[in-house]
Amino acid sequence: MPEPRTFRDEPVSFVRRSGRMSEAQERAFAELAPHYLLDVPRDVAWTSVHPEARMDPAAEYGREAPLIVEIGSGQGHAIVSAASSRPDEDFLAVEVFRAGLARTMLDADKAGVRNLRLVEANAPEVLSSYLPEGAATEVWIFFSDPWHKKRHTKRRLIRPGFGDAAARALSDGGLLRLATDWEDYALQMREVLDAEPLFERAFAGEWAKRFDGRVMTAFERKGIAKGREIRDLVYRRKPRA
């Protein structure tokens, strides 16, 4: 009998890059990773997650609290700022680029943030199996790669089928927040999620208001400076039957 398909059978939304680590980045992994970086059992690739691996949030954070997951956390500016200003909630950063993970750990340590964990893994696998079902109160996806060339759009993270993984990870009534500075991708996100039976719009009009919990980053400023409009979306996970 053939094995069931997984997200690893589909195009991933990133290209794995490697490079020489700086001294500070090496220190982050050597000294800070034991606290911040989750040790994830792998499957077929370094950024994969073994299908039987499960995160235990209460054990990882030492408490039970609302969990917010950011997909593609980059340099960590948004999630470190959020975690430092919201100590009663727990945060999980999902990222595949080691330089970004290192910067996030360094900045979190400098800010004294302890309610943050990081996972180096392909996001759909984290959502579809690694997180316990219904564990997240919110999932954030801010400025994911738009893969703007037509031949590459199949790599976009938000595509048909993604809603199932996000809905599994979210609690009933949980929020999926998205933002992009690429109009074509924003339209695709909205089309895909409007068609998802497990989600409903949590905004009125064409686009959601800018999420005030998202710190203004250099990346967002750069998009604005280039004349690109920032578009936000927010969807609510419908109650389970």
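Contact, in these legends, means heavy atoms within 4.5 Å, and helices (H or I, at least four residues) and strands (E, at least two) are DSSP runs numbered from the N terminus. The views come from a predicted model, in which local features need pLDDT of at least 70 and side-chain atom pairs count only at pLDDT 80 or more, while totals for chains, interfaces and linings use all residues. Residues are numbered from 1 along each chain as its sequence is written, and side-chain values use heavy atoms, with hydrogens and water left out.

**View 1. Helix α5 against helix α6.**
Here P124, L127, S128 and S129 of α5 meet F162, A165, A166, R168 and A169 of α6. Sorted by class, this contact holds 6 nonpolar, 2 polar and 1 charged residues (Ala, Val, Leu, Ile, Met, Phe, Trp, Tyr, Cys and Pro count as nonpolar, Asp, Glu, Lys and Arg as charged, and the others, Gly among them, as polar). α5 spans residues 123-130 and α6 residues 162-169; they pack at an angle of about 50 degrees, with axes 8 Å apart. That angle makes α5 oblique to α6 (under 35 degrees counts as roughly parallel, over 145 as roughly antiparallel, 65 to 115 as roughly perpendicular and the rest as oblique). Axes are lines fitted to C-alpha atoms, for helices over the stretch in contact, and angles run from 0 to 180 degrees between N-to-C directions. The crossing of α5 past α6 is left-handed (the near helix is turned anticlockwise from the far one by less than a right angle; clockwise would be right-handed).

**View 2. Helix α3 beside helix α4.**
Helix α3 (residues 77-85) packs on α4 at about 25 degrees, and their axes lie 9 Å apart. This makes α3 roughly parallel to α4. On the α3 side, the contact is made by H77, I79 and V80; on the α4 side, by T104, D107 and A108. These residues divide into 3 nonpolar, 2 polar and 1 charged. α3 passes α4 in a right-handed crossing.

Strand β2 (residues 90-95) runs parallel to β3, joined by 5 bridges. E95 stands opposite E120 in β3.

Key: Two strands pair if DSSP finds at least two bridges between them.
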